[in-house]
Amino acid sequence: MENKNNVSRRRFLQYAGAAGAALAGSAFPFRNLTPAWAFGEHPQEQLPYRITKKIPQVCARACEADCAYNIVVGVDPATGVERAITIEGRPEDPVSNGKFCIKGMGFVDSLYDPDRLMVSLKRTNKTKGTDSDPGWVTMKTDDAVKEIIDAMKRYKPEEILMASPGDPYTNRLCQSIGCTRSDQRTECFGTHYYINCLTLTNPPNKFYSSCYTPSHHVCGYDYDNSKYQVWFGFDSFSKCGKAGMLNHWAAGKRNGCKIVMFNPVRTPMTDGFSSEYHPIKPGTDLAVALAMINVILKAGKYNAPFVDKYSDGAALVDVKTQMVLKADDGRMLAWCTRHGKAEPIDECHAPALKGGPFKAGGASAKPVMQLLAETTKTYTPEWASKISEVPAAAIRKIALEFAAAGPYGMIPTYKRDAAGPNYANSWRLRHAINILNTLVGSIDHEGGVLLLHDVKIPWIDEISPPVVPYPEQPKEPVDFRNEFPVTDTIYRKKDFSAPGHYGMVGWGLYKTNRAKVAFFRNPHRGLFAMIQSQMMEKAADKLELVVDWNLYLDDLGYFCDYVIPAPHQFEEAKMDLRLYYPKYPCLVGGSPVQKSPGDQIGWGGFAMKIGLALAPKYWTTDGSGNPDKKIPTNLGDVAVKKAGIAENAADFMKKGGFWIDKKPYPNYKNIEQIGYGKPNGRVRMYVDEFAEVKHSPLPVWAPRWHETTGDFKFSLLITRAPWYMHADPNFINNPVLKEITIRNHMDTVWMNPEAAAKLGLKEGDKVVLANDPNYMKDLPRPQKATLHLTSRMTRKDCVLLFHGIGHRAKNLKVAANFGYRDGDLIPQKDPAIAKKHDPTGMGWVEDVFVSVKKIS
């Protein structure tokens, strides 16, 4: 017993990170998560519950990995009460391999959170804000939904904002009404998604599936078999809690994979997995990536067969118009060195990758590879070193080692890393990374970048096509999407589930009167997902109807007119594919663990009610609007039937709710099916859509937007505690997870000790962080925090904040008034400024410099 407190905080953090929060995979029974010492002797107690059943489920919100596991249910012998107890891994799941993290266990705990919302609430006090009493009255949910629908009928479609991801029901609802849909995933993986769409996945492709992360986003990597990886900020603290990824990173490390990491912070991921680490200057990763391209091209170390057959490397570009030359039937043209003329790229016997200009159909043209070499000619390692502060010799060595490892060398990136959407140049970095993966031939190859294939979950529109075309989307949406034609075209015409421009929606709500109704589908679409949320808070005073559908009454609810209770994720059925490890076609299902204990309504049912009332012809099979003829929404039934694995979803769950086809990965075959070009698809390195909006179609150097001035000299870095997801009260409102956060200083602002000494600051000081008023001119809200000094901050020009804390909702008994709100320091983007830097229109969530001053 005397050993229970003998583990240092530093050692605990190392274990918690590299091992996935230490509690990962430990299935001890509990009534609720209970504080215990992590690494001391622990006497076993008599099991308080008798196990009765194990219910398959899919972790659909704790992180993007979506691990499959079983929920263990038991009965308390003393009371006869049956309830979920813990989690048991499913070794057959190719993502998790039977592992799970503390967030999944937190979900079990949150089923019984006393602060869960059980009834619908209606505001009676017009004064909004977390400091005001809303004067809530409770209502039956059916009555509240009817009132909301009656109110929505008074507004034009262009006056309604739906803040929700592009799930099947929301897509159908927003398209049928003709209203704007926007969501926070722009700030999670927006640049990744859009660059992948423009270079590789060519939406809508044949495997386009209805899943939380849009399937056109490439996020699958064969870490297990990779031989060389380069991580640009990929090793964040939040990844320390991703059990579905940690086991693959560990497998790769055991198999001898070399991992090079660039990050201003040394994380536990760095300690556990890096072979080489460089404390890069924030926002300069693009310079290193461009220099790597320069080195590979100059040395001729690219994978020529792949570039020739599976990319647009030989495609001819009109040097005047900057457009790719195409035949009348739309096929790309290449210059045939054997015949001395332009030919369709798939029929060209000896395509030129270098040289030019060539005369083709009256145009002066050069191959994409030639243009890439010219574009990156001056981006030498020596040039990049001056910008990034990474040694030139290291950049050159890494580039050549990376090329030599191809196609088993890759650069993984998919969410909140340097490639996106952290900086104004993140879209360029993401583009450069795709080019690097193309040059070494690692895309669509085992040991490299894996593509979803041979499995699909359909969309509602595919099983219930609309009887008439949908109405047009608003010409001037509140998120200014229309001013970014590159991404707007994808959203309107190719993939309506595309992430919305959430980094400007607050600006639109505050600065314009375009929206009068804001409908939030929480828990990740609320205040904490919105940078500079103070704009939304201020706009709430003029919005005429604000609704939140949520598992909790959180901060957003205090600015709403109605809050409608949502069921817990374990109270609903699931059907998912393995998007984050798509090496094999696979489907997993989940069954409800229990019935919702209150007056909750599921999102599908809620959306159906709104749709039948506001756009009935799109929600009935014959367009009549007759509720008895509602459209079918049995997406899971269709998915398993088409895969030939079950008659319907119920039959699938009876068989265990799991199917996988472990056939060999079909190297390079998926590109041909989904990529750009006819008749065989290819990876595009050259994006002429960017040229159409006066941006470079190939990545070029550009600095970050925010510049350091005066006291505003600390680059703002943001991560998340491994046991939290966004600002979800399922975790933030858990007392044990809060205690872990405090003990690991993840409720503080982190700074390099030497940098702090220069300011006269010491450990535990109370400080205030502020943004430069030249960059945040409206509604600034400096943040007070406690200072933590740590050598993990390997650079002296940065501070690190942790996302998700800072709730002010009084009813959240654990989360309330705990920590700062990092998003309040990040400005919403003026679209006029955003267009100059970024044609994708993302939010640049770390493109900020702050001052740090002691509170006297």
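Student: Which residues lie nearest the centre of the largest cavity?
Tutor: A cavity is a set of points on a 1 Å grid over the protein atoms alone where a 1.4 Å probe fits but cannot get out, and lining residues have an atom within 4 Å of a point. The largest cavity is lined by 25 residues, and nearest its centre lie E187, R416, R720, H726 and H803.

Student: What pLDDT do local features need in this predicted model?
Tutor: Residues are numbered from 1 along each chain as its sequence is written, and side-chain values use heavy atoms, without hydrogens or water. In this predicted model, totals for chains, interfaces and linings use all residues, side-chain atom pairs count only at pLDDT 80 or more, and local features need pLDDT of at least 70.

Student: How many charged residues are in the lining of the largest cavity?
Tutor: The largest cavity has a volume of about 350 Å³. Helix α5 (185–201) and strand β25 (714–719) each supply at least two residues of its lining. By class, the lining of the largest cavity has 9 nonpolar residues (Ala, Val, Leu, Ile, Met, Phe, Trp, Tyr, Cys and Pro).

Student: Which element gives the most to the lining of the second largest cavity?
Tutor: The second largest cavity has a volume of about 220 Å³. Of the 21 residues that line it, the closest to its centre are G233, N263, P264, N422 and E846. Its lining divides into 9 nonpolar, 7 polar and 5 charged residues. With 3 residues, the element that gives the most to this lining is β25.

Student: Why are α8 and α11 described as roughly antiparallel?
Tutor: Helix α8 (residues 285–299) and helix α11 (residues 381–388) pack with their axes 9 Å apart. Angles over 145 degrees count as roughly antiparallel, so α8 is roughly antiparallel to α11. The angle at which α8 and α11 pack is about 170 degrees.

Student: What is the bridge partner of V588 in β24?
Tutor: Two strands pair if DSSP finds at least two bridges between them. An open sheet of 3 strands has the order β22-β23-β24. Strand β23 (residues 586–590) and β24 pair in the antiparallel sense over 3 bridges. The β24 partner of V588 is F658.

Key: Axes fitted to C-alpha atoms, helices over the stretch in contact; angles between N-to-C directions. Helix = DSSP H or I, 4+ residues; strand = E, 2+ residues; numbered from the N terminus. Parallel < 35°, antiparallel > 145°, perpendicular 65-115°, else oblique. 1 Å grid on protein atoms, 1.4 Å probe; cavity = no way out; pocket = protein on both sides within 12 Å on 5 of 7 lines; lining within 4 Å. Points joined across faces, edges and corners; volume = space filled by probe spheres on them.
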